[in-house]
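Hi everyone, thanks for coming. Let me put today's model on the screen, and then we'll walk through it together.

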Amino acid sequence: MTARDRRALIVGGLIVAAAVFALRLVPSALQTAMAAHGTLRERAMLLARTRDEMASLPRLRDSAAVLSQALVALAPQVLSGSSAAGAGADLSGRMNLAVSRAPAKLERMDALPDSIGDGRLGRVRVHAALETDVRGLVTLLRSIDAGDEVLRLEELRVEAPDPGMIARGPEILKVEVTVSGWYIKPREMANGKRET
């Protein structure tokens, strides 16, 4: 091989190496640099947003205190239980207590389906049939209306016996009452699970 051939091979190899460098490595390096620049810009924006949120932390603490006080005030007005079944059991128990405080005889109590809700609030309803006299009915209504903030009277039906019948003792009334109450549903987490 002559010197001229050797020089041609060296120049050709340098041209091929330069072409590979220019066509393969430079674009890859540019893409990496642009991706790094985009990541840096996103992190700078995140840092700025974090600083803004940290600056508003005292306002958030004040809001949290107000929210906590509102939740404490709301607590006596909601049923315990985080599901319709648990809240329905609590509502039935409260209704049983109201019936037992009024001299009344509970004949049956049925849970009613209810799909009303607002956000994390859900409603449950119970229908009760009972027998009592006028005093017992007044006591029951007072206990539902004023005694327990959770119970909400929705429907009341009173049926008196035939007035032509002669009966000794207090008049027995057939009463049907529907009450409802609200409960707080658990918060849905991002992965589809519920808060415990």
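**A walk through the model**

So, the protein chain has four helices and five strands; these are DSSP runs numbered from the N terminus, with H or I over at least four residues for helices and E over at least two for strands. Starting from the N terminus, the order is α-α-α-β-β-β-α-β-β.

A word on where this comes from: the model is predicted, so local features need pLDDT of at least 70 and side-chain atom pairs count only at pLDDT 80 or more, while totals for chains, interfaces and linings use all residues. Residues are numbered from 1 along each chain as its sequence is written, and side-chain values use heavy atoms, with hydrogens and water left out.

Some overall numbers next. The chain has 196 residues, and 20% of them count as buried. Here buried means under 20% relative accessible area, exposed means over 50%, and partly exposed is in between, with a 1.4 Å probe and protein chains only. The accessible surface comes to about 14400 Å², with 60% of that belonging to carbon and sulfur atoms; areas are from the Shrake-Rupley method with a 1.4 Å probe, and for residues only the protein chains shown count as cover. Among contacts with a separation of 6 or more, 66% are between residues 24 or more positions apart, a contact being heavy atoms within 4.5 Å.

On the surface, please find Phe-21, Leu-25, Val-26 and Leu-30, which form a nonpolar patch with about 370 Å² of accessible area together. Patches are built from residues with over 30% relative accessible area and no salt bridge, joining like charges within 9 Å and nonpolar side chains (Val, Leu, Ile, Met, Phe, Trp, Tyr) within 5 Å. Leu-30 belongs to helix H1, residues 3–55.

Now to Val-126, in strand E3, residues 121–132. Is Val-126 buried or exposed? Its relative accessibility is 1%, so Val-126 counts as buried. Leaving out residues up to four places away in sequence, Val-126 touches several partners, including Gly-88, Leu-91, Met-109, Asp-110 and Val-177.

On to charges. How many salt bridges does the count come to? Eight salt bridges, where a side-chain nitrogen of Lys or Arg has to be within 4 Å of a carboxyl oxygen of Asp or Glu.

Asp-90 is buried at 16% relative accessibility, whereas Arg-94 is partly exposed at 25%.

Asp-110, which we met as a contact of Val-126, forms a salt bridge with Arg-108, the closest N and O atoms being 3.1 Å apart. Both ends are partly exposed: Arg-108 at 39% and Asp-110 at 32%.

Then there is Glu-176 with Arg-157, at 3.8 Å from N to O. Glu-176 lies in strand E5 (residues 173–184) and Arg-157 in strand E4 (residues 152–159), so this pair ties together parts 19 residues apart in sequence. Glu-176 is partly exposed at 24%, and so is Arg-157 at 45%. Finally, salt bridges with shared partners join Glu-107, Glu-131 and Lys-174 into one network.
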